[in-house]
Amino acid sequence: MAFLRSICAQRTNLVYSFSVSGSSSLGAGKRQFGSSKAAAAAAVSNNWSNDELKYSSSGLSQRQRVFPQTLFASIYGHQQRGLHTNATKSQTVAATQTIGDEQKSSVYSKSQLRRTPPTPNVPENPQRDPLDVSFNDPVAAFKSKTTWELVRAYLVYMICSSEKLVEHNMKLMKVANTILGEKLFTALMKATFYGHFVAGEDQIKIIPTLERLRSFGVKPILDYSVEEDLSQEEAEKREVESSVSSAGDVKEDDAMPQYHVDKSFADRRYKVNSARTYFYLNEATCERNMETFIKCLEAVSGATFGTGITAIKLTALGRPQLLLQLSEVIMRTRKYMEDMVGGQGNVLTHHKTIKDLEKYYASLGDNKNVQDFLKNVTSDKEGILHLFPWSGIVDEDSQLSDTFRVPDPKTGQMRRLISQIPPKEEEMFRNMIRRLNTIVKTAAELDVRIMIDAEQTYFQPAISRITLEMMRKYNKDKAIVFNTYQCYLREAFREVNTDLEQAKRQDFYFGAKLVRGAYMEQERARAQALGYPDPVNPSYEATTEMYHKTLTECLRRIKILKDNGEDAKKIGIMVASHNEDTVRYAIEKMKEIGISPEDKVICFGQLLGMCDYITFPLGQAGYSAYKYIPYGPVQEVLPYLSRRAQENKGVLKKIQKEKRLLLAEIRRRLMRGQLFYKPKGNYVPI
């Protein structure tokens, strides 16, 4: 304890203790993960000027990454975690000195700052269970749970079955908080919703959950789930202000309404239960979001030995207006290509060559604008890949206003596909890309995967384009970056197929998470109100068909790679679904075309606290299975908990099955005298 007190005296603001049994706790001051709103406000007022920022990421990587790695090294490097070796002590002191004294940070090399995660203790004979593809085995589903956890889960699902309770759940939680006070309310939440759906308060307290998951063959996708509890008025105000350029909302004659903000749909939480929403406040907030994502990477790296994933949202890292404008550019480019060569779809699908473009512009003669434009067109032996140097988005300091220009086919004059962006907003875009680069680079160094979440269709073209460029840059030896595709969209199959083709032609590893989607009702309502085509499939059955069709195409391409003796891991797919029919379909297709779990090209994912009867049997049978793991302080994850309650109300059929299996396992344990059953797994995740 004297040693710990000496650390605390060196400006780390961290107080932690480890018991002999291995449990851990973290109490934090200003640098605690999930710092107080007051500290955050002070940081903004003291260190950042609103909206005009240039940051150095080197200081961040040194000050904020050493200490968590040292903690995790000490935790995982010894079976008795209460003991520190002299080496560990010296590393911890070095780390805290780095945090406390920025002037000395340059002394430490990258190898010192970025310790290799320790090797896990792998059982000599790891267990494997047969898989019941009907997912009706309560023992397999819940052997990782204590009996109390089963009772708690049953209670939570009972509450989620009550429409009135779920409908007013956020109000009820706030009333309970007021009546009970913070301590009693926190205890109540940990005994119910928080305890069931959230792994813990910080990156230290979630370790027991991650360890237990691993021992039962399941890996984590980590997400720090703190959200602002904004009113509708405040959300709308922020969104409108951050979605319009300081130059005004310029709408050309051929403007696409879906890529312009509309106050009626400015609150992007409208009719959305399952997805977290970020509302832009300023550049300082985006910088803190980046730091949060990096802490997630450190936490998952320290606890998962290279098998973990962190999920991020691009709207957390920058101004939404920039994504709207970039999305409109992409769609205008498609229209330009369609007008040029006929047909539908993006540039890559037409297989046109540079010579085809030269013929198209032949009537303009030896026009310098056209010649300069053609020099920047990206092509290969199969045809044109891109009309613009997209790599400039992630590699260079190119200006958006200058990049996205095409020759007018009649006059030869260059015309912008994007309205003029003021220099200040150009800088904001570069900051957003820098933040993403910093996150992905950190993930690559820590051997952690990044999943970039899908968002609304009016942001998605830009998000997908940026994500693909990150894949091209970082997925050279393995899939570090994954994109997310929402299969309720009519264009899902075409988009995945096109991106697979780009990965093949530009020779990078392709990673995709396939989901049904989170914004269906909102997307339909917005399309109808603003007068553009509904982007959503007409029915649930059509969405299922789209999902299966897209998955089958991915598997077909993986098989081709295997048959040709190439690296099958060039394509990595996560089947992120709570639908057991879809999971069964994926398993059957894998068997049909000869893809085994050991190939590590297909994995499955579900949310913590939902569909355990699918996730755990998969992990215990040797399939690559993930749980989406939210964490954060109780008071600050209430919006997340509210959404989970809403989502469970919407899938009552699944709840009924889970409740039935929970009750069966509780009865079985009572009859066998296993009331105090302690989970102990001997599994190793694929």
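Strands E12 and E13 run parallel and are joined by four bridges. Strands here are DSSP runs of at least two residues (E), helices are runs of at least four (H or I), and both are numbered from the N terminus. Two strands count as paired if DSSP finds at least two bridges between them. The structure is a predicted model, in which local features need pLDDT of at least 70, side-chain atom pairs count only at pLDDT 80 or more, and totals for chains, interfaces and linings use all residues. Residues are numbered from 1 along each chain as its sequence is written, and side-chain values use heavy atoms, with hydrogens and water left out.

Confidence was examined next. The pLDDT, the predictor's confidence in each residue on a scale from 0 to 100, averages 81 over the chain. A score of at least 70 is reached by 78% of the residues. Residues 1-115 have a pLDDT below 50. Beyond near neighbours in sequence, this stretch has 172 contacts in the model, a contact being heavy atoms within 4.5 Å. Where pLDDT is low, the predicted coordinates should not be read in detail.

The parallel pairing extends to other strands. E11 and E12 pair in the parallel sense over five bridges. Strand E10 (residues 481-486) pairs with E11, also in the parallel sense, over four bridges. Individual partners can be named. Thr484 has Lys513 in E11 as its bridge partner. Met574 stands opposite Cys603 in E13.

E11 is largely enclosed by the rest of the structure, because six of its six residues are buried. Buried means under 20% relative accessible area; exposed means over 50%, and partly exposed lies in between (1.4 Å probe, protein chains only). In a regular strand the side chains alternate between the two faces of the sheet. In E11, Phe510, Ala512 and Leu514 point one way. Gly511, Lys513 and Val515 point the other way. Strand E12 (residues 571-576) also has six of six residues buried, so it is largely enclosed by the rest of the structure. Ile571, Ile573 and Val575 point one way from E12, and Gly572, Met574 and Ala576 the other way.

Lys513 lies in strand E11 (residues 510-515). Its relative accessibility is 8%, so Lys513 counts as buried. The side chain of Lys513 makes a polar contact with the side chain of Asp453, at 3.1 Å. A polar contact is a pair of N or O atoms within 3.5 Å; within protein, one must be able to donate a hydrogen and the other to accept it, and residues adjacent in sequence count only if both atoms are side-chain atoms. Leaving aside neighbours within four places in sequence, Lys513 is in contact with Met451, Asp453, Asn483, Thr484, Tyr485, Met574 and Ala576.

Two residues other than glycine show a positive phi. Lys600 has a phi of about 55°. Lys600 sits in the loop between helix H24 (580-592) and strand E13 (602-607). Cys611 has a phi near 55°. Cys611 lies in the loop between E13 and helix H25 (612-620). With a relative accessible area of 3%, Cys611 is buried.

The structure holds 13 aromatic pairs. Rings of Phe, Tyr and Trp (its six-membered ring) pair if their centres lie within 6.5 Å; planes under 30 degrees apart count as stacked, over 60 as edge-to-face and the rest as tilted. Tyr361 and Phe373 form an edge-to-face pair, 6.4 Å centre to centre with 90° between the planes. Tyr361 is in the loop between helix H15 (354-360) and helix H16 (368-375), while Phe373 is in helix H16, twelve residues apart. Both Tyr361 and Phe373 are buried. Ring pairs link Tyr360, Tyr361 and Phe373 into a cluster.

Charges also sit over rings. The criterion is NZ of Lys or CZ of Arg within 6 Å of the ring centre and within 35 degrees of the ring normal. The charged end of Arg526 sits over the ring of Tyr458, 3.9 Å from its centre. The charged end of Lys549 sits over the ring of Phe493, 4.4 Å from its centre.

Ile393 belongs to helix H17 (residues 391-395). Ile393 counts as buried, at 3% relative accessibility. Ile393 and Phe429 are 36 residues apart in sequence and 9.2 Å apart in space, C-alpha to C-alpha. Beyond neighbours within four places in sequence, the contacts of Ile393 include Leu326, Phe404, Phe429 and Ile466.
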